[in-house]
Amino acid sequence: MPIAVSNAPAPAAEDTDVSFKKKFSERSTPPPELPPFVYASRFDHPSFGDWRDELATKGYTVVKAIPTERALEYRERAFQWLESFPLGFDRNDVSTWKNEHLPVHVKGGMFHGYGYCHEQLLWDLRCEDGVIDAFAKVWGTDELITSFDGGSIMLPKRVDVMDSGKWEHMDQSHHRKGFYCCQGLVNLNYNGPEDGGLMVLEGSSELVEEHFDHFGRHAYKSWGPFDWYGFTEEEQQWFFDRGCKWVKVCAEPGDLILWDSRTMHYNVRPKGDRDRVCTYICMAPAHLLTEDDRKLRVECFESSKGTTHVPFAAIFAREFEPVVRSDGKPCPHDTGKPKNPPVLNERIEKLVGIKPY
Ligand SMILES: [Fe+2]
């Protein structure tokens, strides 16, 4: 998968799978020169008096962003998208909940191909007032740009999904210091302890810098993006010894789960009877964007390329290459274009960077 990476401060990412793992490598590159980041100390001494304090101390929080009924309508649209492929998937027939009847995905249901990152469905979610308002509080400005990330539709009772391991990671380079990015996940179904979803190592974001002071910052361990770091079991034990515990984040339809990109995390598939549907959204201040990166973002939008999470620097653009089915052949249904392209409006233009604030 050829990747376009911008030159600015450094690259970013989401969860991965076997196909990505093949690309994983540990690179002993010298630490890059990183500029001081203007928001680095934003969550060092939290006294916001709201959920941002929990984001700062625990490394994650849950915010109501979309009314429940509307969130469930989004879930319905996600299933309609799945059923729109001529592969035989039927949400009412569990015998069709298999790879052969589904568009190609990773980790039991994460979709980035098929132009999904730019479906109208995903853009409608990015344009939700409650989502934008939450990120505006995180950063202290409502002049935001958004990532072009994908989403998950994880069906329960899957029997043909290979276990690709946990992949405990953070989506921030260990060369960075302080706060750099806040990631988001819009949850679109009831999501309890057995329903799959996000696992976070509570308290890890506050300890990350001390951790790398202890272990060193030598290697660049990533499946591609600069802003990704996979932790070894020995490294995880260091956090456990300091009281950090894994927590399964539960949420209602329409909740936005936010986490500091320094928080160690991974995802789990559903163990119960309920499907897990969510979309990954990350927003950041538009003023952080360089002109070169703004042009890259506009090019990504116009050509329906997805990105990983960081929207403002070291942008990791997913170049189009048809996803590969289990027979090793490119999926003929992956044109790289969304089935329902977004209808452009001023909010989208600003969230992309086409139009300035
Ligand atoms: Fe991640």
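Author: Two strands pair if DSSP finds at least two bridges between them. This model is predicted. In it, 6 strands form an open sheet in the order β3-β13-β8-β15-β6-β4, with antiparallel pairing.

Reader: What makes β3 and β4 edge strands?

Author: Each has a single partner strand, so one side of each is left without a neighbour in the sheet. β3 covers 60-64 and β4 covers 110-111.

Reader: How do you know that β8 and β13 pair?

Author: Pairing takes at least two bridges. 5 bridges join β8 (residues 182-187) to β13 (residues 255-260). Therefore the two count as paired. They run antiparallel. Leu 185 stands opposite Ile 257 in β13.

Reader: Why is Thr 307 called buried?

Author: The cut-off is 20 or more other C-beta atoms within 10 Å. Thr 307 has 27, so Thr 307 is buried. Thr 307 lies in strand β17 (residues 306-307).

Reader: Which residues is Thr 307 in contact with, leaving aside its neighbours within four places in sequence?

Author: Among them are Ser 147, Phe 148, Asp 149 and Cys 300. Ile 315, Phe 316, Ala 317 and Arg 318 are also in contact with Thr 307.

Reader: What separates the C-alpha atoms of Thr 307 and Met 283?

Author: They are separated by 12 Å, and the two residues are 24 apart along the chain.

Reader: What is the mean pLDDT of the protein chain, and where does pLDDT stay under 50?

Author: The mean is 90, and 90% of the residues reach 70 or more. Over residues 1-28, pLDDT stays under 50. Where pLDDT is low, the predicted coordinates should not be read in detail.

Key
Residues numbered from 1 in each chain as written. Predicted model: local features only at pLDDT ≥ 70, side-chain atom pairs only at ≥ 80, totals over all residues. Helix = DSSP H or I, 4+ residues; strand = E, 2+ residues; numbered from the N terminus. pLDDT = per-residue confidence, 0-100. Contact = placed C-beta atoms within 7 Å. Buried ≥ 20, exposed ≤ 12 C-beta atoms within 10 Å, placed from the backbone.
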